[in-house]
Amino acid sequence: MAIDYSTQTVLLTGASSGIGRALATELAARGADLVLVARRADRLEALAAELRTRHRTAVTVVPFDLSGARVGADLKAAVDGHGVVVTSLVNNAGFGTWGRFRDEDPERLAREIAVDVSAPVQIAHAFLPDLLAAGNGFLINVASMAAYAPSPRMAVYSATKAFVLHFTEALWAELRHTGLTVFALSPGATSTEFNDVVGTEEATAGARKRTPRTSSRRPSPTSTPATRARASSTAAGTVRPPRCRAS
């Protein structure tokens with residue numbers, strides 16, 4: 001079953017900048033309604049206004065801190081409070097830390113695990129009944145190329161992304177034949193605010209960073225390429241929504 005974006009209401013975390021902002025722009029261009037989630041309300045409101053004007057799409061802004069212990073239930077309640085029913089989900093929010101593990105701040109590591117691991121698990125669980133009821137959308141968890149190998153000085157970050165990758169692949173197997181497309185997105189080094197949050201350019205030292213951008217042409221709302229079960233990565237730095245069949 002092909003995805004018709006004009007029928008979708010997509011919840012997107014980490015939407016205020018970088019890959020999240022690029023995904024929001026591309027999804028709106030394809031006709032999807034959006035629920036934008038991030039901590040920075042001013043950036044979300046500015047992006048929402050831009051997308052409403054440019055694409056005539058409905059955009060709901062939900063400023064939210066994803067590090068809370070009840071993030072899934074609390075975010076679901078916040079979205080329900082807007083009277084919005086989500087049909088697709090992109091767990092994009094996350095951040096990394098850099099340095100020797102023994103020198104890291106344990107509280108910051110705990111927050112990293114909360115945002116990068118607990119949040120996507122809880123949010124997926126909270127919204128999955130609505131996604132399955134719709135039966136024609138997608139669930140994307142943003143992993144990383146760091147998911148495929150241990151990363152000294154980014155030990156916790158690479159481990160969180162390995163979790164996201166394996167979690168997503170397991171969900172793909174469990175949810176086959178439900179109509180819901182599930183996959184992981186594994187970007188490489190990308191020109192975003194990631195290093196600003198990490199606090200050093202060494203986190204991506206030597207890597208050729210790509211710039212998240214949307215495609216130059218507006219595609220048709222329905223797309224029909226072949227399914228990919230394993231993780232996807234951004235091609236030529238261009239961030240695009242899924243072009244997949246549900247399996």
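Student: Hi! Which side chains do Lys76 and Asp80 use to meet, and at what distance, N to O?

Tutor: Hi! In this predicted model, the side chains of Lys76 and Asp80 meet in a salt bridge, with 3.0 Å from N to O.

Student: Where do Lys76 and Asp80 lie?

Tutor: Both lie in helix H3, 4 residues apart, which is about one turn of the helix.

Student: Is Lys76 buried or exposed?

Tutor: Lys76 counts as buried, because its relative accessibility is 16% and the cut-off for buried is under 20%. Asp80 has a relative accessible area of 40%, so Asp80 is partly exposed.

Student: Why can side chains like that pair up?

Tutor: Side chains of opposite charge can pair when their charged atoms come close.

Student: How many salt bridges does the count come to?

Tutor: The count comes to 7 salt bridges. One of them joins Asp65 and Arg111, with the closest N and O atoms 3.5 Å apart.

Student: What does the pair of Asp65 and Arg111 tie together?

Tutor: Asp65 lies in the loop between E4 and helix H3, while Arg111 lies in helix H4, so the pair ties together parts that are 46 residues apart in sequence. Asp65 is partly exposed, with a relative accessible area of 37%. Arg111 counts as partly exposed too, at 26% relative accessibility.

Student: And what about Arg30 and Glu26, buried or exposed?

Tutor: Both Arg30 and Glu26 are buried. Their side chains meet in a salt bridge at 3.4 Å, N to O. There is also a network of salt bridges that links Arg21, Glu50 and Arg54.

Student: New topic. Which side chain of opposite charge is nearest to Asp116?

Tutor: That is Lys161, 4.9 Å away. A salt bridge needs the nitrogen and oxygen within 4 Å, so Asp116, although buried, has no salt bridge.

Student: So which backbone nitrogen lies 3.0 Å from a polar atom of the Asp116 side chain?

Tutor: The backbone nitrogen of Phe95 does. Asp116 has its place in helix H4, residues 106-134. Leaving aside neighbours within four places in sequence, Asp116 is in contact with Ala93, Gly94, Phe95, Tyr157, Thr160 and Val164.

Student: Can we zoom out? How many helices and strands are there in the chain?

Tutor: The chain has 6 helices and 8 strands. Along the sequence they follow the pattern β-β-α-β-α-β-α-β-α-β-α-β-α-β.

Student: What share of the residues counts as buried?

Tutor: Of the 247 residues in the chain, 52% count as buried. The accessible surface comes to about 11,200 Å², and 52% of that belongs to carbon and sulfur atoms.

Student: What about contacts between residues at least 24 apart in sequence?

Tutor: Take the contacts in the chain between residues at least 6 apart in sequence: 71% of them join residues at least 24 apart.

Student: Now the inside. How many residues has the largest nonpolar core?

Tutor: The largest nonpolar core has 26 residues, and Leu34, Leu36, Val90 and Phe138 have the most contacts inside it. Elements that give two or more residues to this core include strand E2 (9-13), helix H1 (18-29), strand E3 (33-38) and strand E6 (138-142). H1 gives the most, with 5 residues.

Student: What does Val90 touch?

Tutor: Not counting residues up to four places away in sequence, Val90 touches Val10, Leu11, Leu12, Thr13, Leu23, Phe138, Ile140 and Val142. Apart from this core lies another core, of 25 residues, among them Val35, Leu75, Ala124 and Leu180.

Student: Where does Leu44 lie?

Tutor: Leu44 lies in helix H2 and is buried, with a relative accessible area of 0%. Residues that Leu44 touches include Ala15, Leu36, Val61 and Val62. Leu44 and Val62 are 18 residues apart in sequence and 8.2 Å apart in space, C-alpha to C-alpha.

Student: Last one: is Asn91 buried or exposed?

Tutor: Asn91 is buried, with a relative accessible area of 5%. Asn91 is found in strand E5, residues 88-91. The side chain of Asn91 reaches the backbone oxygen of Pro120 at 3.4 Å. Beyond Pro120, the residues that Asn91 touches include Thr13, Ile123 and Asn141.

Note on methods:
Residues numbered from 1 in each chain as written. Predicted model: local features only at pLDDT ≥ 70, side-chain atom pairs only at ≥ 80, totals over all residues. Heavy atoms only, no water. Buried < 20%, exposed > 50% of the residue type's maximum accessible area, 1.4 Å probe, protein only. Polar contact = N/O pair within 3.5 Å; in protein donor to acceptor, adjacent residues only side chain to side chain. Contact = heavy atoms within 4.5 Å. Areas by Shrake-Rupley, 256 points an atom, 1.4 Å probe, with all protein chains shown as cover. Lys, Arg positive; Asp, Glu negative; His and termini not counted. Core = buried A, V, L, I, M, F, W, Y, C linked by side-chain atoms within 4.5 Å.
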